[in-house]
Amino acid sequence: MKLQSVNAFLIMFAGTVVIGLFYFGFTSPSLRHIDQRLCLNKTKKSRENALLQSPQGFIYKQPSVVGPDGKVGPLTPWLAPIVSEGSFDPTLIDAIYKQQNITVATTIFALGKYTIFLKDFLESAEQHFFVGFRVHYYVFTDHPEQVPDVKLGEEHELTVMTVNSLSRWQEMSLGRMKRLEMLIESGLVNDADYLFSLDVDTKFYGRWGAESLGDLIGVIHAWFYYTPREQFPYERRPESQAFVPYSEGDYYYGGAVLGGSVKQVYQLAKTCREQLDIDAAKSIEAAWQEESHLNKYFIYNKPSKLLSPEYSWDDKRGTPREMKMVRFSQVPKNYDEVRPNT
């Protein structure tokens, strides 16, 4: 009898302890806090580097670049900043990013006769582009012997990437996304924090620094910032992967500049390359090659920061009053001379 009583007591005691722990676990603020914190950490990791994605077919009013006061607006409708002269403190923003010891990789594609633009591009970049930061230029060219010997600043370096020649200028444009994807996969993801891809037939005229950094960067095209979306030169054929309906679109983005964190640029380049491959298999070439696919991507994957047209101007346009300065611009050229199949 005594043994049975002891066993019964032990069973009751153990049951009481289990029930108590169970109750304590659900009512204790400290344990609830730990559990919530673990859940939040999992959610945070799943959203790390996530972009704001817009549903396809969602209709809303087209945003304006220039406000009623004649100035470039400060924000997009999804609250991404639009960077323009006067919207940032250059000394402060550079000081913040210099603490992070970042590396900015920059790709330039100079194929065929486009090598003639390299000298002005590189020399002007060394005067204005991320001065005081670690910069690594990657020059893709089929004429490595024509890459000029330009004196680079401290912690600036240049790597020549030799590629095959192409017979059509459109192929130069179409192949950029694939080469960006391959460059990142080859190890750039471990060597750089941010990546820009810039057209070579351009020149820097003013400061371009840390104000342009962000997860995903788009630049508003110099020729279309007053244009209704229905008149944007999007790809309008439904059979193309770059197709955009007339009722959709925010801004028209220029293909001369794209950038962001290496991981986000990789996702952009990979997606656009896949869509380009699908089109190529059906013998479709989008209206403006990779720029068309870039614009499609930005409609549904919102850039975290936009650069105003002062970051990708065109020398042929002059300088209207809403553009307080020009930092980077397409230079005049004779396309019959530089493009192999114009």
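**A guided tour of the predicted model**

Begin by selecting helices α6 and α7, whose crossing is left-handed, a term that applies if the near helix is turned anticlockwise from the far one by less than a right angle, whereas clockwise is right-handed. Helices here are DSSP runs of H or I with at least four residues, strands are runs of E with at least two, and both are numbered from the N terminus. This is a predicted model, in which local features need pLDDT of at least 70 and side-chain atom pairs count only at pLDDT 80 or more, while totals for chains, interfaces and linings use all residues. Residues are numbered from 1 along each chain as its sequence is written, and side-chain values use heavy atoms, with hydrogens and water left out.

**The helix pair**

Two packed helices are described by the angle between their axes and by the distance between those axes. With residues 176-191 (α6) and 262-281 (α7) selected, you are looking at a packing angle of about 140° and axes 8 Å apart; the axes are lines fitted to C-alpha atoms over the stretch in contact, and the angles run from 0 to 180 degrees between N-to-C directions. That angle makes α6 oblique to α7, because angles under 35 degrees count as roughly parallel, over 145 as roughly antiparallel, 65 to 115 as roughly perpendicular and the rest as oblique. Next show the side chains in contact (heavy atoms within 4.5 Å): on α6 they include Met177, Leu180, Ile184 and Leu188, and on α7 they include Val262, Tyr266, Ala269 and Cys272.

**The salt bridges**

Side chains of opposite charge can pair when their charged atoms come close. Across the whole structure there are 13 salt bridges, each being a side-chain nitrogen of Lys or Arg within 4 Å of a carboxyl oxygen of Asp or Glu.

Move on to Glu211 and Arg207, whose closest N and O atoms are 2.5 Å apart in another salt bridge. Here Glu211 is buried at a relative accessible area of 2%, whereas Arg207 is partly exposed at 23%.

Then select Glu310 and Arg327, again a salt bridge, with 2.7 Å between the closest N and O atoms. Glu310 lies in the loop between β11 (305-307) and β12 (313-314), and Arg327, 17 residues away in the chain, lies in the loop between β12 and β13 (328-330). Glu310 has a relative accessible area of 2% and is buried, as is Arg327 at 1%.

**An exposed loop and a buried strand**

Select Leu79, in the loop between β1 (52-53) and β2 (82-83), which counts as exposed at 64% relative accessibility. Its C-alpha atom is 8.5 Å from that of Ser304, although Leu79 and Ser304 are 225 residues apart in sequence.

Finish at Val135 in strand β4 (residues 134-141), which counts as buried at 0% relative accessibility. Leaving aside neighbours within four places in sequence, the contacts of Val135 include Val104, Phe129, Phe130 and His156.

Methods. Buried < 20%, exposed > 50% of the residue type's maximum accessible area, 1.4 Å probe, protein only.
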